[in-house]
Amino acid sequence: MSYDLRRRLWAALLILGFFAAWEILCLVLQVSDLVLPRPTQVFATLAARFGILLPHVMQTLWTTMIGFVLGVTVGVVIGAAIGVSRTAYDTVYPLLIGFSSIPKVAVVPIFVLWFGSGATPAILTALAMCFFPIVVNIATGLATTEPELEDVLKSLGASRLDILWNVGLPRTMPFFFASLKIAVTFAFVGSVLSETVASNKGIGNVMMTASSNFDVPLVFAGLFLLAALGILLYVAFSLVEARVTGWATRRQGFASA
Amino acid sequence: MSRSHAIPQGHPSIAPSIAVELSQAAVSFGKPGKTVAALQETNLRIAAGEFVALVGPSGCGKSTILRLTAGLLNPTRGAVIVGGREVGAKALRIGMAFQNPTMLPWLTIERNVMLPLKIVRPFRSDYRAKRRTEFRDRVHALLADVGLDKFANHYPWQLSGGMLQRANLCRALIHEPSLLLLDEPFGALDQFTREELWGTMQSLWLKRKPTVLLITHDLKEAGFLASRICVMSARPGRIIDDSAVDFPRPRTVDMTFDADFVALNQRLRDLIIDARSDAAIQGA
Ligand SMILES: Nc1ncnc2c1ncn2[C@@H]1O[C@H](COP(=O)(O)OP(=O)(O)OP(=O)(O)O)[C@@H](O)[C@H]1O
Ligand SMILES: [Mg+2]
């Protein structure tokens, strides 16, 4: 059995074991399903109400994706500016740090105040959550060109654009894709956060409504959906990353091949 | 040898042309009012096709001279003239190699070596059209000269340190620079690989005859490769000794054990030790 397969098997076993332990503990300790429903109950709820849940899933998914795309765009622009220009770095960075330290829960009410409740604050919160890791990674990638290599290229008469195009950008790609998979999960947290506060649609809203109705299995069904979507998005971007920036990880692949 | 042989008359083109000239070039770093001298007023002339090695105590300004020559740094005072023009003006044909081979990990060795052709005029305008034909053949021929032809399609991490340094030399030479600047290119290699690469470097030079300025800490390396050795004083540096090395070529590692060679080594060593202790006395 290959190492890779074995690792995946263990991961699957761990998840199964986690659910089994949860189920058994609830049964043994006779925990009320108003406190902690058993996984089987949660999955049953999921199956039974899938029809009503689906539009909410779609809502969360599209607000997340729009917020993510906007966040990536903003992040790439700011990150590139900071990575290329020392002045931009010195002037913009303090502001960015300040902004990123604000808990995003605190900005949702402001977005609601400006744009009303619904999709817009969800998108904006997703954007606000996810652009920072992109900025940091792009800037780091661009700034880590070896000085010797830069000297070699400059002595050949390379312009800044030549260096950026041939060295800076390719070197930044692994950083960029690594940050994408982090950013997409952050965007997801952002949109759900906003939905719980101000929306009548989306998984976040479903969970809020369910908890005020003491429909605890539905709350957990929402949680499971969030976890599943998060994993899905993460895996999707990991696959893209592996395809586009294979050179950064090929070293290990070669040794075992 | 007759005198008339040494001085040809009526043939100015045979007189060696000057490839590099530093005249009273000095460099200091730091803010105005709080400057630190890195290089004293230095004069250095390198004839076209010469192989000059620059040795001296650490921190004396060797890399600074190299960066001046490459046009990466402007002298605080004095002038630096390369190929008849003051540097800073673009379009010098220079090749450079450092101790760190800095191959790009996402490109094959072939594409790494080809990189200068993508940047230097006039090659860059033909890059797209010729990268799979003429340029490729050219890279392969050069790689064959250093024994790397089998590795053209490998990635940098598949090569050893010595092999990467060979590829680095190829990248510095692919655009046929008339001036090659080397800053401790073999400094990170083990003794045996280093000696092997001296041989490679020597045959590359004998074949193409570029002007070379080599910085090294290894006096044996300087004696093996150079046709002239300049010794620098401690920081702020200046050239305190300048002597020709005329052992016959091609030189071999065995020759480095000859009495003449050992004597040269000894003399250089004493010069540098003196330079270092002078600096220590001044500092005290
Ligand atoms: N960018 C810089 N800013 C300030 N000081 C510098 C700078 N570059 C070099 N120096 C100083 O100039 C002096 C000469 O440096 P240089 O790198 O030329 O030395 P070197 O002879 O190449 O030393 P080594 O043999 O250790 O490589 C050093 O004392 C160094 O501290
Ligand atoms: Mg140096």
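**Close-ups of a predicted model: contacts within and around chain B**

**View 1. Salt bridges between the two domains of chain B.** Zooming in where domain 1 of chain B meets domain 2 of chain B, the rule picks out 3 salt bridges across the interface. For one close pairing to look at, take B:E196 and B:R166, whose side chains form a salt bridge at 2.6 Å, N to O. Polar contacts link 5 residue pairs across this interface of domain 1 and domain 2 of chain B, with both partners at pLDDT 80 or more. On the domain 1 side, strand 7 (179-183) and helix 7 (191-208) of chain B are the elements that give two or more residues. Helix 7 gives the most, with 8 residues.

**View 2. The domain layout of chain B.** Domain 1 covers 17-29 + 36-92 + 178-284, and domain 2 covers 101-176. Their C-alpha centres sit 26 Å apart. The contact draws 15 residues from domain 1 and 11 residues from domain 2. Together the two domains bury about 1100 Å², with 68% of it on carbon and sulfur atoms.

**View 3. Chain B against chain A.** Here the buried area comes to about 2200 Å², and carbon and sulfur atoms give 67% of it. On the chain B side, B:W106, B:I119 and B:W157 lose the most area to chain A, together 32% of what that side buries. The contact involves 24 residues from chain B and 20 residues from chain A.

**View 4. A salt bridge between the chains.** The rule finds 2 salt bridges across the interface of chain B and chain A. In one salt bridge, the side chains of A:D151 and B:R67 come together at 2.5 Å, N to O. Helix 3 of chain B gives the largest share of the side that touches chain A, 4 residues.

Conventions. Residues are numbered from 1 along each chain as its sequence is written. Chains are lettered from A and ligands numbered from 1 in the order in which they are written. This is a predicted model: local features need pLDDT of at least 70, side-chain atom pairs count only at pLDDT 80 or more; totals for chains, interfaces and linings use all residues. Side-chain values use heavy atoms; hydrogens and water are left out. Contact means heavy atoms within 4.5 Å. Buried area is the accessible area (1.4 Å probe) that two parts lose on being put together, summed over both. A salt bridge is a side-chain nitrogen of Lys or Arg within 4 Å of a carboxyl oxygen of Asp or Glu. Domain bounds come from an automatic or database domain assignment. A polar contact is a pair of N or O atoms within 3.5 Å; within protein, one must be able to donate a hydrogen and the other to accept it, and residues adjacent in sequence count only if both atoms are side-chain atoms.
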